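Below are a few friendly notes to read alongside the model, going from the overall picture to some individual sites.

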Amino acid sequence: MAHFALPPMLGDPCHHATSSTFHRDQSKMSRHTRERLASQSTSKLGGPSSPSRGSLGELGRSLSSSKLQKSKSMLIPLPPIMKAKRAVTFEEIYATARLRVAKKTAVERKGGCAPHLQRGLSLPEFPSGIGGSRWSMGTFDSLNDEDSQTRGWAASALDLAQDERASKRGPDDGSDFGAEADMDGGMSFSKDPAGGNKRTSFEGAEDNEPAQRSAQVEKRLSRFRSSQSIIGTSAAGPPIDAGLVALLETLSARFEGRSDGLSETEINHLQTAFNRFKIPGESDLYTADLQSLLNYLGHILTGADAIAGVLREVTQYDYLDFNEFLQFIEKFFEYEREEFRLKFEAFDEDRSGEISILELRRLTKALGYHPQRQMTEEALNIVDADGNGQLSFDELCMFLAVYSYREGFTTTETAELRRQFDRFSVDSQGPQKNLKLLPPEALSDALVQVFGLEVSNYTQALGEQLASGQGLQKSTFDRASAAESMSFAEFLIFARRLRENEHERCLKNHAASFLTPAERAGGVEDAKQFDSADADHSGGISERELRKVLKSKSYTPLRSVLDEIFAEVYPDDWDEDDSELDFDQFFDFMLVLNRRDGFMMRECEELRKTYERFDEDDSGEVSAMEVAALFRHVGYRVNLEDIRDEVSQVDANGSGQLDFREFLRLMRLYREKELDRVKKAFEKNRDTSTGSLPLKMLDQVLEALGNEAPFPDYPHTEDLSFDDLVDIVDSCRSSFVAKERKKAGFSDVELEEFEALFHRFDKDHSKTIDNKELQGILKEFGWEPRTREEQQELISKLDMARQLAREAGVDDESENGSPDVKFWAFVQLIRMLRTDEDKAEEKKVLKVMQELRFSEGETEEFRQVFRSWVRRATELAGEKEAVGKGASTAAETIGRDGVHRLVRSLGISINPANKDVLDQRVSSLDEQGRQETARLDFCSFLRLMRWLLDSDFAGINDAAAKHA
């Protein structure tokens with residue numbers, strides 16, 4: 001047969017991690033297979049199976065004397081790898097032989113014959129003269145007689161196959177069997193001078209022999225080099241992906257009739273997928289999981305009737321072993337290819353045998369594919385070798401195979417997926433030490449880094465399922481003893497499945513917006529199920545309608561962002577009045593928007609660089625303290641406790657820290673707050689008759705938004721739109737950020753308090769304080785240095801504070817080493833000392849957390865509870881806020897009454913007896929030794945929580961579970 005379907009990433013070494021496909025003896029057969037083999041007692045051919053001693057030698061000698069290479073009616077069908085028109089290894093023949101003997105022996109011991117073996121129980125005969133032959137396949141001292149004969153038969157069978165293949169090429173061919181490379185990435189044998197066999201491997205590392213490629217392949221590679229969708233450049237042209245070369249060669253060979261059957265790479269790929277869906281701990285697959293497995297592999301024509309029809313040709317049972325699965329796959333490929341041909345012919349209206357590229361999108365959509373425009377263009381650059389804008393059926397098949405090569409992702413997207421895979425993967429502990437594998441528990445984090453937080457719910461559920469050991473099969477609740485890690489090729493599959501899931505979700509939410517008037521009139525629309533963004537019922541979404549969708553998702557639609565994404569997903573120049581997106585274009589638009597969290601690509605790159613600068617330990621995560629410093633650096637006034645509250649809102653994986661995607665979402669929240677301020681200023685000052693901001697009002701609006709005059713000249717001569725105003729505000733941001741950095745992230749109220757304190761110690765009103773006066777201020781904060789080392793450290797910090805003030809635009813700052821301290825350097829010093837205090841508190845919390853065996857996520861949850869009840873207790877007491885806006889957690893405490901309210905909030909009744917026990921525990925945890933007025937800081941609060949849980953105080957564990 002001539003199928004075209006190939007696994008993605010053909011040639012990727014990830015696919016060679018599996019062990020030999022067919023090397024499975026009876027001891028490794030699953031319970032289900034053994035039961036099935038024993039279930040039949042007679043053969044459909046009319047009688048019981050022939051007895052056997054389990055020896056291939058005896059079995060072969062009892063057969064006819066026809067030659068192996070001429071046998072066209074093998075009674076036991078060989079697996080696809082034995083039928084392929086390619087080099088077959090000795091190990092493959094030998095392992096297959098052993099498997100057949102094991103199965104036959106198992107059947108005969110049970111006195112029956114399984115249906116899938118009823119066509120016969122014997123392998124082809126041994127070649128003549130085999131009994132006296134000796135084989136240079138290594139020593140057989142450790143083998144029993146039967147296994148020795150089996151091995152010898154396999155070697156001779158291989159020799160005959162090689163001789164036949166060599167004779168078919170002819171004496172003038174100029175090549176021998178051993179020189180023929182297996183383009184499917186497998187292994188081939190050649191005869192050595194001694195008459196033995198040696199292995200020749202196809203490395204597939206770099207394509208260095210273009211002369212050996214077919215003309216069509218070379219033409220396609222040439223087009224691929226000239227396209228923009230390539231990776232890397234060099235003087236000799238861009239390097240060609242070896243997997244792509246192997247893919248094109250294999251497809252060309254199949255289309256030209258030079259190759260058939262499944263390649264070793266394909267079989268390994270199918271084995272990996274089979275393992276994901278088979279019964280955990282067994283070697284079989286329930287047929288009920290076939291549809292899910294085929295969808296997992298990227299097949300789309302997976303209707304139940306189609307699968308059942310193909311399956312009936314393979315087995316009548318409810319489960320398959322891997323060999324039967326391979327037989328099913330080959331037959332399914334034949335069915336799939338024929339269905340594709342019928343679709344192709346339906347679009348080939350003039351019966352020319354070709355369709356236009358313009359029709360390709362409609363055809364692929366009819367087939368069930370939804371390729372992005374950039375991926376379509378990339379694949380076409382390879383497939384349409386002559387560039388005539390027409391595709392034959394074989395070129396369509398090649399297009400779909402190239403599209404599936406990286407699971408529908410462009411080279412740029414694949415590079416990002418690889419980067420995240422490498423970041424979260426670990427070295428294999430198996431035979432291939434250099435192989436990178438991704439643990440299932442890291443799958444969610446890796447995918448979120450590529451696709452954004454919008455997908456986190458789906459990825460977390462998927463990661464948990466895989467980590468549980470259940471795999472992807474749904475027919476049982478069985479679980480394997482250990483969850484399997486995945487190669488990059490499998491990671492690509494999960495990324496594609498995620499995108500398919502997002503496509504379905506988007507379709508569910510917005511499909512009604514894309515119905516044509518005829519479809520609406522026909523009652524296709526279910527208004528209760530779908531949103532109706534398409535107000536004019538045109539079957540597409542205009543820019544005006546798109547803006548409504550974005551606002552409903554809390555995105556402010558800016559012109560610059562829209563134009564950038566339109567250029568990526570829309571094939572023509574976008575007209576904001578007349579252009580519309582169809583559903584697939586709308587989906588692509590939302591996918592890109594969510595991936596960038598509403599930012600432009602340039603902005604995402606700048607934010608990533610900033611993020612990496614503050615990721616001091618290069619862990620890929622930043623703590624709340626690092627986030628606070630980062631936000632101050634980019635011009636936001638924040639304090640640590642507010643940042644902690646906000647971190648908890650976007651911390652999708654519950655780690656207590658922010659990865660880049662979580663940080664990007666937090667930046668999105670801040671950006672939306674900023675845009676809301678600009679929007680309010682615009683609405684307040686715009687001309688209601690024109691809807692625009694008069695140019696004369698610009699300076700006034702900029703000052704109201706916190707910018708300081710003088711403002712730069714702007715190329716605007718007409719009144720301004722909202723987008724114009726945003727662009728101007730953004731262009732003023734550098735000076736705005738410098739001004740905010742000067743304030744070191746403190747609020748205006750805090751700055752006023754600091755200024756009053758500074759002036760109180762500035763006795764001579766010189767706007768400077770000396771070292772002695774500075775010591776007095778620091779004493780009020782409890783920060784005065786007590787040792788010579790602390791004094792030297794303070795002097796160093798003071799010089800650093802002066803430098804930060806200068807970088808923030810303060811021109812009249814005193815020189816380093818000066819005894820005088822000016823106000824803005826003093827502000828920077830306060831921030832540095834407060835940060836040191838926060839760091840000390842963090843170390844203390846970390847130590848207590850480890851001592852009490854709480855995770856970072858649990859600790860952050862307790863922190864939110866603690867802060868919530870501190871605020872609540874303060875409000876109930878009617879007191880003024882106990883601490884300043886910028887205070888650290890160390891200054892926050894909760895008393896007995898607050899603890900009582902917290903416990904009662906869980907539905908626990910506090911009686912006099914357990915109240916005394918609780919109060920005694922609170923008093924014992926007060927670090928200052930207070931009794932009646934005991935108060936707990938956060939670390940003491942954590943200790944109280946551990947005691948409540950461990951002692952199950954008043955049944956608090958059950959109460960907390962019900963409350964959750």
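1. Let me begin with the contacts across the whole chain. Among the contacts in the protein with a separation of 6 or more, 68% are between residues 24 or more positions apart. Please keep in mind throughout that this is a predicted model.

2. On the overall make-up, the protein has 38 helices and 14 strands. Its length is 964 residues, and 53% of them count as buried.

3. The hand of the crossing between α23 and α24 is right-handed.

4. Which residues make up the meeting of α23 and α24? From α23 come Thr610, Tyr611, Arg613 and Phe614, and from α24 come Glu626, Ala629, Leu630 and His633. Sorted by class, this contact holds four nonpolar residues, two polar ones and two charged ones.

5. Next, a site in helix α26, which spans residues 660-685: asparagine 685 belongs to this helix. Is asparagine 685 buried or exposed? Its relative accessible area is 17%, and buried means under 20%, so asparagine 685 is buried.

6. The surroundings of asparagine 685 are worth a look on screen. Its side chain reaches the backbone oxygen of alanine 681 at 2.8 Å. Setting aside residues up to four places away in sequence, asparagine 685 touches Leu693, Pro694, Met697, Gln700 and Val701.

7. For a strand residue, turn to glutamate 354, found in β5 (residues 354-356). With a relative accessible area of 29%, glutamate 354 is partly exposed. That class lies between the buried limit of 20% and the exposed limit of 50%.

8. What does glutamate 354 contact, leaving aside its neighbours within four places in sequence? The partners are Phe344, Asp348, Asn388, Gln390, Leu391 and Ser392. Glutamate 395 is 41 residues away from glutamate 354 along the chain, and the C-alpha atoms of these two glutamates are separated by 9.1 Å.

Methods:
Residues are numbered from 1 along each chain as its sequence is written. This is a predicted model: local features need pLDDT of at least 70, side-chain atom pairs count only at pLDDT 80 or more; totals for chains, interfaces and linings use all residues. Side-chain values use heavy atoms; hydrogens and water are left out. A crossing is left-handed if the near helix is turned anticlockwise from the far one by less than a right angle, and right-handed if clockwise. Helices (H or I, at least four residues) and strands (E, at least two) are DSSP runs, numbered from the N terminus. Contact means heavy atoms within 4.5 Å. Ala, Val, Leu, Ile, Met, Phe, Trp, Tyr, Cys and Pro count as nonpolar, Asp, Glu, Lys and Arg as charged, and the others, Gly among them, as polar. Buried means under 20% relative accessible area, exposed over 50%, partly exposed in between (1.4 Å probe, protein chains only). A polar contact is a pair of N or O atoms within 3.5 Å; within protein, one must be able to donate a hydrogen and the other to accept it, and residues adjacent in sequence count only if both atoms are side-chain atoms.
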